[in-house]
Amino acid sequence: MNSLQEGQELQSLTKPAITKVQLVKYAGASGDFNPLHTDDAFAQQIGMDGVIAHGMLIMGFMGEYMMNIAGEIAEPTNFRMRFGAMSRPGDVITCSGKVEKVFEKDGKKFVSIQLRAQKSTEEVVGTGKCELRFS
């Protein structure tokens, strides 16, 4: 089943630094116009240093990562994520994964992958899990 083995560390994906323009574009695409993500003055009024990235943007990065791993030979299923530290403009996010389990279910082959997204400071901004189903 592909060459994935239990315990294997997968090649990571490092995204370019998050930008304020990216946050505004994501707000438009997602419909999440909470000013905490787009308006520094508002964010400062509520005690933040400035805007923070949408948690779902980070989940999108992890989804892109899983699609890269799956390629054209597998389908991601059961994708879930838990949010960690906040991400801000200027943060560089790296998504990584480790094969947790290789198994069969209902005659199909699966690989369960533990996911992690972290800033360049090694602060974890998200963890998750996904299964790849092979045809």
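## Salt bridges in a predicted model

At a relative accessibility of 32%, Glu64 counts as partly exposed. The model treated in these exercises is a predicted one, and it holds 6 salt bridges.

**Exercise 1.** Find which residue forms a salt bridge with Glu64, and state where the two partners lie in the chain.

*Solution.* Begin with the contact itself: Glu64 pairs with Lys15, and their closest N and O atoms are 2.6 Å apart. Finally, classify Lys15: buried means under 20% relative accessible area, so Lys15, at 16%, counts as buried.

**Exercise 2.** Determine which strands are tied together by the salt bridge between Glu100 and Lys129, and how accessible each partner is.

*Solution.* The two side chains meet at 2.9 Å, N to O. Because Glu100 lies in strand 3 (residues 93-105) and Lys129 in strand 5 (residues 124-134), the pair ties together parts that are 29 residues apart in sequence. As to accessibility, Glu100 has a relative accessible area of 34% and is partly exposed, and Lys129, at 22%, also counts as partly exposed.

**Exercise 3.** Decide whether Lys119 and Glu123 are buried or partly exposed, and name the network they belong to.

*Solution.* The side chains of Lys119 and Glu123 meet in a salt bridge of 3.4 Å, N to O. Lys119, at 9% relative accessibility, counts as buried, whereas Glu123, with a relative accessible area of 38%, is partly exposed. Salt bridges with shared partners then join Asp91, Lys119 and Glu123 into one network.

Key:
Residues numbered from 1 in each chain as written. Predicted model: local features only at pLDDT ≥ 70, side-chain atom pairs only at ≥ 80, totals over all residues. Heavy atoms only, no water. Salt bridge = Lys/Arg side-chain N within 4 Å of Asp/Glu carboxyl O. Helix = DSSP H or I, 4+ residues; strand = E, 2+ residues; numbered from the N terminus. Buried < 20%, exposed > 50% of the residue type's maximum accessible area, 1.4 Å probe, protein only.
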